[in-house]
Amino acid sequence: MSIYDEGPAEANRTRAHWALTALEAFGKETGQNYFDGTLDVGDDVLIEAGGDLLADLFHLARLNGVEPEQITRSGYLHFEAEVEEEQAEEVEPIIDKAKAAGIELAFSDFEWSDDGPTLDGMTPDEWLEAMTDQN
């Protein structure tokens, strides 16, 4: 069984759970027992414990001749690619709807807000409706 069996969004939730497991283990060692087993972690707790864990990873890196920035850069590149997979899955049905209406869309046409994908400042459904009304 692959973490991708349920799609990219669920794979990223699995990755978040792995991170929580690491933070819980770290918290037990450091006395930062702030976690309740859910992915709902307060900002202050995540910043404190996550920052401490990251700092300790940097110490481990330095002791092994690795620049801490390499860990940060590699992690962020992985994160960006995994989020992009999730976003691509989210807009795939929208791209298919547009194609069925004779409109070519690409992943790069979308912008992302906290509420999800947008096209020219509109929700994809609003945008598609506006575009098909013009035709």
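1. A residue is taken as buried when its relative accessible area is under 20%, and because Arg 15 has a relative accessible area of 18%, it is buried. This is a predicted model, and the points below should be read with that in mind. Arg 15 is found in helix α1, which covers residues 8-30. Leaving aside residues up to four places away in sequence, Arg 15 touches Ile 3, Tyr 4 and Glu 82.

2. With which side chain does the side chain of Arg 15 make a polar contact? The partner is the side chain of Glu 82, at 3.2 Å. Glu 82 lies in helix α3 and, with a relative accessible area of 19%, is buried; the cut-off for that class is under 20%. Besides Arg 15, Glu 82 touches Asn 12, again not counting residues up to four places away in sequence.

3. Tyr 76 and Phe 79 are separated by about one helical turn, because they stand 3 residues apart in helix α3 (residues 68-100). Tyr 76 counts as partly exposed, at 47% relative accessibility, and Phe 79 counts as partly exposed as well, at 46%.

4. Phe 107 and Trp 112 form an aromatic pair that is likewise tilted, with 6.4 Å from centre to centre and 40° between the planes. Phe 107 is partly exposed, its relative accessible area being 25%, and Trp 112 is partly exposed with a relative accessible area of 29%.

5. Which residues make up the largest nonpolar core? There are 10 in all, namely Val 91, Ile 94, Ile 95, Ala 98, Ile 103, Leu 105, Phe 110, Leu 119, Trp 127 and Leu 128. The elements that give two or more residues to this core are α3 and α4 (124-134), and α3 gives the most, with 4 residues. Apart from this core lies another, of 6 residues, among them Leu 20, Leu 23, Val 41 and Ala 49.

6. Ala 49, one of the residues of that other core, has its place in helix α2. At 0% relative accessibility, Ala 49 counts as buried. Not counting residues up to four places away in sequence, Ala 49 touches Leu 23, Phe 26, Gln 32 and Phe 35, and of these Leu 23 is named in the other core too. Ala 49 and Leu 77, by contrast, are 28 residues apart in sequence and 22 Å apart in space, C-alpha to C-alpha.

7. Leu 39 lies in the loop between α1 and α2, and at 35% relative accessibility it counts as partly exposed. The C-alpha atoms of Leu 39 and Thr 21 are separated by 9.9 Å, the two residues being 18 apart along the chain.

8. A point of backbone geometry concerns Asp 120. What is the phi of Asp 120, which is not a glycine? The value is positive, about 50°. Asp 120 lies in the loop between β2 (116-118) and α4, and at 65% relative accessibility Asp 120 counts as exposed, the class for values over 50%.

How values were computed:
Residues are numbered from 1 along each chain as its sequence is written. This is a predicted model: local features need pLDDT of at least 70, side-chain atom pairs count only at pLDDT 80 or more; totals for chains, interfaces and linings use all residues. Side-chain values use heavy atoms; hydrogens and water are left out. Buried means under 20% relative accessible area, exposed over 50%, partly exposed in between (1.4 Å probe, protein chains only). A polar contact is a pair of N or O atoms within 3.5 Å; within protein, one must be able to donate a hydrogen and the other to accept it, and residues adjacent in sequence count only if both atoms are side-chain atoms. Contact means heavy atoms within 4.5 Å. Rings of Phe, Tyr and Trp (its six-membered ring) pair if their centres lie within 6.5 Å; planes under 30 degrees apart count as stacked, over 60 as edge-to-face and the rest as tilted. A nonpolar core is a set of buried Ala, Val, Leu, Ile, Met, Phe, Trp, Tyr and Cys residues joined through side-chain atoms within 4.5 Å.
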